[in-house]
Number of protein chains: 2
Amino acid sequence: MKISTKGRYALRLMLDLALNNTGEPIRIKDIAARQEISDKYLEQIISTLNKAGFVKSIRGPQGGYRLTKEPAQYTVGMILRLTEGSLAPVACLEDEVNTCERQDTCATLKLWQMLNTAISDVVDHVTLADLVEWQNEKMSNYVI
Amino acid sequence: MKISTKGRYALRLMLDLALNNTGEPIRIKDIAARQEISDKYLEQIISTLNKAGFVKSIRGPQGGYRLTKEPAQYTVGMILRLTEGSLAPVACLEDEVNTCERQDTCATLKLWQMLNTAISDVVDHVTLADLVEWQNEKMSNYVI
DNA sequence: TATAAAGCATATTAAAATAATAGGAATATA
DNA sequence: TATATTCCTATTATTTTAATATGCTTTATA
């Protein structure tokens, strides 16, 4: 029941883009340095975000990445589901393919549905803008 | 972000014990047959439940297992945490050992705390008695 | 008391997932 | 044209998952 590095790094990457949004494209190299994550690994992760249209890449020198939308338009759920895959706690909730033949008689299914809803309620209502705000709050505590 | 077979099987095992509680010890072999799970694998899982005092074993012929408490006294969280380990979505929420040095400045930590709370709110309030009830509801639908 | 039925304990293994690392191709800019 | 950047794909090491396998111990009962 753990979020993997892919999802966690993707969130920090997107937050880094949101926080360092100066108008200039931001290099993977700089994000990797700030976040202390392997840049080669971040490349793979941002590639997924790029293909999904969550970020826009600019190639060549002075290139880098930019968010394509306002931070408030990205939910954490969008980012995590894209990079982690489904957040459902059991496979049988995922789609029609993974349904198991015990479904009609399985009492634990109701539990998994409740858990799934609880998870979605959080990740679908927290946005990147919230993360930015929380980050700023934390930083202002430090200034004091 | 998946519950593994250990946790899922442990729940079904405990539910099976609760549903088939005739006073007689229940054999692993029978649970395995009803649940269509490898009995050797179930042995390993029930061993954990036994050591934790969740079930009581009776050795020898006519032996088996019994619940030690009323179904309402087991929360799903107790069973899952015992068999799965911590249900926290990230390691840094687990204990003092796993704290990361980014904690004081990490905005995503708040997200993980919210997710952790949401998960706990479900698993700590659903009991084995609830699963029994849901199972009976499902079964009564079939009788019609 | 011998036997069989159960649980108990530990080792081994196959497959999959995780978490990277590596190398070079494509492309834009100066 | 040299350089800095993203893009693409392959490879790999480690860990986790999900069992399977083997043999031992306990104990009820014939």
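In chain A, strand E1 (residues 55–58) and strand E2 (residues 64–67) run antiparallel and are joined by four bridges; two strands pair if DSSP finds at least two bridges between them. The model is predicted, so local features need pLDDT of at least 70 and side-chain atom pairs count only at pLDDT 80 or more, whereas totals for chains, interfaces and linings use all residues. Residues are numbered from 1 along each chain as its sequence is written, and chains are lettered from A and ligands numbered from 1 in the order in which they are written.

Within this pair, Val55(A) stands opposite Leu67(A) of E2(A). Five residues lie between E1(A) and E2(A), which form a hairpin, and Gly60(A) in the turn has a positive phi of about 80°. Chain B has its own hairpin of E1(B) and E2(B) with five residues between them, and there Gly60(B) in the turn has a positive phi of about 80°. Strand E1 (residues 55–58) of chain B is antiparallel to E2(B), with four bridges between them; Ile58(B) has Gly64(B) as its bridge partner.

Chain A as a whole contains six helices and two strands. Helices (H or I, at least four residues) and strands (E, at least two) are DSSP runs, numbered from the N terminus. Their order from the N terminus on is α-α-α-β-β-α-α-α. The C-alpha atoms of chain A fill a box of roughly 60 × 40 × 25 Å along the principal axes.

Among the helices of chain A, H1(A) and H2(A) pack at an angle of about 110°, with axes 10 Å apart. Axes are lines fitted to C-alpha atoms, for helices over the stretch in contact, and angles run from 0 to 180 degrees between N-to-C directions. H1(A) is therefore roughly perpendicular to H2(A), a term for angles of 65 to 115 degrees, with those under 35 counted as roughly parallel, over 145 as roughly antiparallel and the rest as oblique. Arg12(A), Leu13(A) and Asp16(A) of H1(A) make this contact with Ile31(A), Arg34(A) and Gln35(A) of H2(A); residues are in contact if their C-beta atoms, placed from the backbone, lie within 7 Å.

A residue is near a strand if its C-beta atom, placed from the backbone, lies within 6 Å of it. H3(B) gives the most to this surface near DNA strand C, with four residues. The surface near DNA strand C comprises five nonpolar, 14 polar and seven charged residues. Here Ala, Val, Leu, Ile, Met, Phe, Trp, Tyr, Cys and Pro count as nonpolar, Asp, Glu, Lys and Arg as charged, and the others, Gly among them, as polar.

DNA strand D is surrounded by 26 residues, of which Ser57(A), Ser4(B), Thr5(B), Ser38(B) and Gly60(B) are the closest. H3(A) gives the most to the surface near DNA strand D, with four residues. That surface divides into five nonpolar, 14 polar and seven charged residues.

The two protein chains also meet each other, in a contact that takes 28 residues from chain B and 28 residues from chain A. On the side of chain B that touches chain A, H5(B) supplies the largest share, nine residues. The residues of that side are 18 nonpolar, three polar and seven charged.
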